[in-house]
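Me: Please put the model up, so that we can go through it by question and answer.

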Amino acid sequence: MADSPILSMRGIDKSFGAIQVLHSVDFNVYPGEVMALVGDNGAGKSTLIKCVGGIYPIDHGDVFFEGTPVTIHGPRDAAALGIEIVYQDLALCDNLDIVQNMFLGREIKKRPFGNLDEPAMEQRARETLKSLSVRTVKSVRQVVSSLSGGQRQTVAIAKAVLWNNRVVLLDEPTAALGVAQTRQVLDLVRRLAQSGLGVVLISHNMNDVMEVADRITTLYLGRVAAEVKRADVTYQQVVELITTGRTGTIGLQPATAAESA
Amino acid sequence: MTTQGSTPSPVEPTTSTALHHQEGSSPEAPSHSITDFTADFGAANLRETVHAYIAKVRGGEPGALPALLGLVVLVLTFGFTTKLFISVGNLANVPGQAAPTIIIAMGLVFVLLLGEIDLAAGTAAGACSGAMALAVNNNGNLAKVLHGGTFGAYVIFMAVALIVALWQRLWLGAAAVLFGLVILLTHLASNDVVSIALAVTTGTAIGVLTGILVARVGIPSFVVTLALFLTWQGVLLLFEGNGATVPTRGFAAINGIENKNLSPMWGWIVFVVSVVGYGTVTIFRSVRRRARNLSAEPLVLVLLRLVLLIVVGAFSVYFLNKNRGKGLVKIEGMPWIVPIVLVLLVVLTLLLTKTAFGRYLYAVGGNAEGSLRAGINVPRMRVSAFTISSSLAAFGGVALASYSGGVNSGAGGGNTLLFAVGAAVVGGTSLFGGRGRIRDAVLGGLVITLIPNGLGLHSNMSSAYNFVITGAFLLMAAAVDAASRRRSAV
């Protein structure tokens with residue numbers, strides 16, 4: 001696997017009013033690998049994700065994409081770079097059907113009037129779902145409100161795959177799913193990485209993380225405790241990093257950890 | 001490994017199941033047909049179609065059904081209880097009576113789709129048509145009739161709206177407001193057609209400013225438009241003075257909207273063009289999409305609907321073409337307002353269903369946060385919706401002026417707005433946002449109009465019944481809306 005990150009964030013600071021949520025965070029995503037982003041509630045995982053996606057502007061710090069410095073001002077900038085986020089609350093529109101949701105904001109249009117090219121969108125949506133081995137969706141013209149939680153997650157991920165994305169960020173993709181559906185989504189995550197994408201997985205479930213991740217970045221109260229290879233650490237060490245910010249020689253200096261708290 | 005090909009689907013289906021279903025191509029196993037999205041292709045025959053439709057209604061998508069049922073019930077009730085209801089003289093009045101409500105409701109659909117409300121649409125319609133009537137009666141010179149700085153305030157109002165529209169990059173809206181400003185300053189509104197444009201563009205300006213207060217300042221639309229409901233009422237009083245009525249009968253274009261008829265031959269031409277156009281488009285779409293293995297409506301359903309449309313349409317045109325004049329005066333033909341409403345219906349429906357703009361309206365109404373993340377400029381969508389709503393409301397005000405032969409100082413007040421909201425909701429547009437069609441405004445507007453029309457023919461029915469029955473219909477429609485919302489969770 002390549003050792004130069006496809007997406008690299010250096011020294012990211014982010015505050016909401018007087019509260020500093022991210023302290024000089026470094027975060028890397030490598031092509032063809034699954035990077036797990038873990039941390040306790042309020043550690044800043046979702047904030048960091050939203051900074052990547054252009055939902056929140058960053059206060060300080062640099063973002064590099066394939067080694068080139070970039071600025072992300074909004075969701076469209078992130079999308080243009082090939083960064084796609086699958087949010088925890090999915091961000092699907094219940095009243096639209098699967099095709100409409102998958103192409104929302106990036107509709108295929110016909111010349112010369114700019115009207116929507118429904119046949120083209122429907123065909124591509126169906127091809128994408130087939131390529132992901134989605135077998136549970138009856139019709140791509142079903143409205144999302146009629147889908148189950150697992151089906152919605154699949155649609156949200158398929159939406160991310162539809163475009164020639166380089167980096168896909170998954171925010172708690174298995175949180176609301178049953179055993180079988182979790183299995184499907186985790187397989188899907190591995191397949192995304194195998195096809196060369198940089199995948200970021202945010203999860204509270206350590207079993208999921210230890211199973212599919214290649215590397216793990218731990219956030220502790222807005223600071224990066226450590227970025228480690230999964231093979232180099234044990235389950236217990238990751239839990240210690242999450243709860244105390246350090247384990248053995250890895251992690252934050254005791255002084256820094258105390259200051260954060 | 002780092003670069004990725006141009007294929008839209010970078011993932012190989014490595015798990016076996018999906019492939020095996022396809023490779024094993026088991027024609028004997030329709031239960032596995034879900035793999036191939038067969039449900040996309042819809043029902044193949046009439047029976048399946050009926051079943052699918054019933055399932056859809058039960059699943060919380062009643063569509064046009066409640067409004068159509070309402071229409072049937074009203075027509076049957078009034079048809080059996082009064083002599084005059086089903087007569088050429090009465091039914092030919094219905095399009096004209098319904099049109100102002102329908103046009104204002106069409107605009108409201110845009111706002112309701114976002115889950116917002118525009119309570120000021122009625123009085124805005126009154127104020128805009130008041131400006132039109134005054135201008136056209138005074139050779140386009142509003143500066144002469146508007147005293148006490150009112151004219152200056154009007155000009156400043158339009159200029160501010162223009163700046164805001166440019167700031168929000170609403171180019172069409174900005175062009176419209178600029179045109180209105182030019183009309184205002186150049187006395188062009190002495191021409192009756194241009195004076196109508198003054199009313200509509202004033203509505204555009206009102207919509208832009210309403211939208212900006214809701215979308216950028218962040219005041220709830222209920223409060224903004226409640227305040228503006230009062231404001232426009234006052235503005236109309238300022239324009240005209242208390243108790244005044246400014247006539248519009250003498251101006252051909254304004255008067256013609258509601259009071260002139262097409263010749264019988266033109267009525268048939270409108271009918272043929274509509275039916276052939278609609279038929280070609282829907283049949284062609286169904287056949288071609290099916291041929292390309294895309295989801296498509298079954299041809300039976302398309303043909304059935306077309307036949308229904310032909311029967312109802314032909315009957316209406318035949319009916320409207322009969323002489324309904326009394327004595328020597330011959331009155332016949334389709335009222336002008338019918339093709340006007342039809343054109344609005346088609347254009348606005350295309351806007352909602354065939355453009356990205358329309359798609360985004362539904363998306364914002366369904367999930368504003370999700371739309372934002374998809375890169376949609378949500379505030380701009382809100383401003384656009386209010387702009388369209390108020391522009392259409394102003395045109396509804398013009399129709400109202402045409403219908404009543406002038407603009408009185410209370411025009412657009414009272415129940416005008418409530419009936420328009422009622423029309424949209426009775427037609428099937430949801431008050432919760434995310435669901436609605438332009439068609440709803442037409443069907444609902446007809447229902448809302450038929451109630452007073454039919455009751456008026458009962459000599460012993462007071463207007464009290466009118467309000468009570470209209471209220472009951474509205475409640476039923478809102479109940480259907482809430483129930484279907486619970487079922488479909490939209």
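**Charged pairs and domain contacts**

Me: At what relative accessibility does B:Glu369 count as partly exposed?
Reply: The model is a predicted one, in which local features need pLDDT of at least 70 and side-chain atom pairs count only at pLDDT 80 or more, whereas totals for chains, interfaces and linings use all residues. Residues are numbered from 1 along each chain as its sequence is written, chains are lettered from A and ligands numbered from 1 in the order written, and side-chain values use heavy atoms, without hydrogens or water. Buried means under 20% relative accessible area and exposed over 50%, with partly exposed in between (1.4 Å probe, protein chains only). For B:Glu369 the relative accessibility is 39%.

Me: How far apart are the closest N and O atoms of B:Arg373 and B:Glu369?
Reply: B:Arg373 and B:Glu369 are four residues apart in helix α17 (residues 368-373) of chain B, which means a separation of about one helical turn. B:Arg373 is buried, its relative accessible area being 12%. The two form a salt bridge, that is, a side-chain nitrogen of Lys or Arg within 4 Å of a carboxyl oxygen of Asp or Glu, and here the closest N and O atoms lie apart by 3.2 Å.

Me: Which residue of chain B does A:Glu118 meet in a salt bridge?
Reply: A:Glu118 has a relative accessible area of 14% and is therefore buried. Within chain A, the side chain of A:Glu118 meets that of A:Arg141 in a salt bridge (2.9 Å, N to O), a pair that links helix α4 (residues 118-131) to the loop between α4 and α5 (149-162), 23 residues apart. A second salt bridge of A:Glu118 (2.7 Å, N to O) crosses between chains to helix α16 (residues 356-366) of chain B. The partner there, buried like A:Glu118, is B:Arg359.

Me: Which residues of chain B belong to the network of salt bridges that includes A:Glu118?
Reply: Side chains of opposite charge can pair when their charged atoms come close. From chain A, the linked residues are A:Asp97, A:Glu118, A:Glu122, A:Arg126 and A:Arg141. From chain B, they are B:Arg289 and B:Arg359.

Me: How many salt bridges does the rule find across the interface of domain 1 and domain 2 of chain A?
Reply: Chain A is divided into domain 1 (1-82 + 165-261) and domain 2 (95-164), with bounds from an automatic or database domain assignment. Across their interface, 14 residues of domain 1 of chain A are in contact (heavy atoms within 4.5 Å) with 15 residues of domain 2 of chain A. Although the whole structure holds 19 salt bridges over all chains, the count across this interface is zero.

Me: Which element supplies the largest share of the side of domain 1 of chain A that touches domain 2 of chain A?
Reply: The area buried between the two domains, meaning the accessible area (1.4 Å probe) that two parts lose on being put together, summed over both, is about 1100 Å², of which carbon and sulfur atoms give 57%. At least two residues each of the domain 1 side come from α2 (75-81), β7 (167-171) and α6 (179-194) of chain A, where helices (H or I, at least four residues) and strands (E, at least two) are DSSP runs numbered from the N terminus. The largest share, six residues, comes from α6(A).

Me: What percentage of the residues of chain B count as buried?
Reply: The secondary structure of chain B comes to 21 helices and two strands. Of its 490 residues, the share that counts as buried is 49%.
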